[in-house]
Amino acid sequence: MAWTTIHKQPLPSESTPNLIDEEAMRTPFSWETARTELAGLPEGGLNIAYEAVDRQVQNGLGETIALRWLGKNGERREYSYAELASLSDRFANLLERLGIDKGDRICVLTGRIPELHISALGTLKAGAIFCPLFSAFGPEPLRTRLVKSRARLLVTTSALYQRKIQPQRAQLPDLEHVLLVDSSDGDGTHSLRALLEAESSQRPPPTTLPEDRALLHFTSGTTGTPKGAVHVHDAVTAHRLTGRWALDLRPGDIYWCTADPGWVTGVSYGIIAPLVNGVTLVVDEAEFNARRWYSILEQEKVNVWYTAPTAIRMLMKAGIDTARGYDLSALRFMASVGEPLNPEAVFWGLEALGRPFHDTWWQTETGAIMIANTRSQDIHPGSMGRPLPGIEAAIVRRRPEGGVDLLEPGEEGELALRVGWPSMFRDYLEDEAHYRQCFAADWYLSGDLATRDSDGYFWFLGRIDDVIKTSGHLIGPFEVENVLMEHPAVAETGMIGKPDEFAGQIVKVFVALKSGYAPSDALRRELLSFARTRLGPTVAPRELEFMSDLPKTRSGKIMRRLLRAQELGQSLGDLSTLENQEEQEP
Ligand code: ATP
Ligand code: MG
């Protein structure tokens, strides 16, 4: 594809990127050395929350604002590092008083409010496992997750409790305590505020070890039933370094991660990595709104912004004129994760916001960013970037008899990571067999299909499940979708393979149009011919269907498996993470 490389200009010295020479940092690199840069705890202990807040207080950042909360109705609340440290101590003391033991699961079901951050940090300090639950889930997905995690304690709001938990409390025998952030004691629930006030804000340092379990994250459910990935305290070693290198975070920065903490990004990069790097977090309670988002970037003087392709597509949909007139001069770095970032979106960033989006690749399972376009490196739009120092990535083919073959640059295969990075998941909850299938020799196999070029840049082709074979050619959705996204009428698109007697499968695309465009036969023909000219007849879509919206996960990923199941009249499978799903009463 003829996308131009975006060359990085040398930057003034006061703005030098944290990671300048990737190659020099790659060798010698050791995670042991990276770990020594953390405060640590006596006798080899390590604790994510202690690194995130207490250590910053010791380093003189006690009065620095750690969290700036923007309420949906215009309220503002700020918490310094010292305040977060003492509030999370109170929460940890409370858990102990309630008899919560190390390794017990604590679930938090709230919107984006500071009590979520305090509960997360306090849980980690107490040595319990923090498991966030996305607040828009209906009762059924919540029950499944609460049952599967065997949560003993839940922090939530009275509205969410009344609607989604209380009616099915009898089916949650492990759930002993429900703490409400906005209510006094009630029927089977307690007021979090009152309980915290009664606790001491003093507490000895945590006693966790690097390999103690710390986080439980359910995956997005894009390819099937969500899996519960378990991470350990040592993950903080990767959070700190990747925050520094991939997001260019530095103490004093104002940083905004738009991901909801109900998902891994919202915890790894919405709570841990930024706090461990001493920045001020901006947390917006409200839902997406293009003008609100630009105002936040301007008024809060955001320096580093981490968002997702689905949000960028919504900004693009709102139009470039909406972006005009905002002063974004404080913005130093913009990055994206979660789905492939179309080249179109990278260039749109340049045009509309004056800087490119930097794609980063990782998964719930990897716990932290693995592959990235860093601030100092040239961007090849459409590429995920290069592995960060400390990460060995390869393109491999599984051998049927076990093990893998490493493929050469230019060859297509499964993206694999050599095990040994600290934020790697240690388990799929109650699914040991599935966990083991993810590994071959000392490689973790990601389930994503990709290729690497001779400069070491990785290019995403699609999830292995979404790749199709037509007339002997393998086609990944990304290249087809990228081309359609270049057409001015296209807002979003998803590709599937449709069985065909002659070709095996043919390419079919689903297209949602930008406002101002209406589906018509003429537009269908125009889009098909637009794609054919650019992709050639083998790869070009043969069928195109208009949709008002594509099915997406609640974290914003296009669910091609649903497009495929609908097309083929198959069962739709697990729908727990489908966005706009009518909430079913249990
Ligand atoms: P499930 O595993 O339940 O199907 P999921 O894989 O979508 O859900 P996540 O762990 O949230 O759950 O997402 C990781 C996946 O998202 C990656 O495996 C990849 O397919 C996709 N992804 C993330 N970042 C990028 C990126 N920069 N480019 C392309 N794909 C990406
Ligand atoms: Mg996955």
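Me: Which elements each supply at least two residues of the lining of the largest cavity, and which one gives the most?

Reply: In this predicted model, α16 (477-485) and β26 (490-500) each supply at least two residues of that lining, and α16 gives the most, with 3 residues. Helices (H or I, at least four residues) and strands (E, at least two) are DSSP runs numbered from the N terminus. Residues are numbered from 1 along each chain, and chains are lettered from A and ligands numbered from 1 in the order in which they are written. Local features need pLDDT of at least 70 and side-chain atom pairs 80 or more, while totals for chains, interfaces and linings use all residues; side-chain values use heavy atoms, without hydrogens and water.

Me: What makes this space a cavity?

Reply: On a 1 Å grid over the protein atoms alone, a cavity is a set of points where a 1.4 Å probe fits but cannot get out, and lining residues have an atom within 4 Å of a point. R313, E339, P340, N342, F478, E481, M485, E492, T493, I558 and R560 line the largest cavity.

Me: How many residues of each class are in this lining?

Reply: There are 4 nonpolar, 2 polar and 5 charged residues. Asp, Glu, Lys and Arg count as charged, so R313, E339, E481, E492 and R560 belong to that class.

Me: From which domains is the lining of the largest cavity drawn?

Reply: Domain 1 (30-452) and domain 2 (462-584) each give at least three residues; the bounds come from an automatic or database assignment. Their centres, taken over C-alpha atoms, are 30 Å apart.

Me: What is the extent of the contact between domain 1 and domain 2, and how much area do they bury?

Reply: With contact meaning heavy atoms within 4.5 Å, 33 residues of domain 1 touch 29 residues of domain 2. The two domains bury about 2800 Å² between them, 55% of it on carbon and sulfur atoms. T222, K317 and L449 supply 22% of the area that domain 1 buries against domain 2, more than any other three residues. Buried area is the accessible area (1.4 Å probe) lost on putting two parts together, summed over both.

Me: Why is the pair E492 and R313 called a salt bridge?

Reply: The rule asks for a side-chain nitrogen of Lys or Arg within 4 Å of a carboxyl oxygen of Asp or Glu. The N to O distance for E492 and R313 is 3.9 Å, so the pair qualifies. Across the domain interface the rule finds 1 salt bridge.

Technical notes
1 Å grid on protein atoms, 1.4 Å probe; cavity = no way out; pocket = protein on both sides within 12 Å on 5 of 7 lines; lining within 4 Å.
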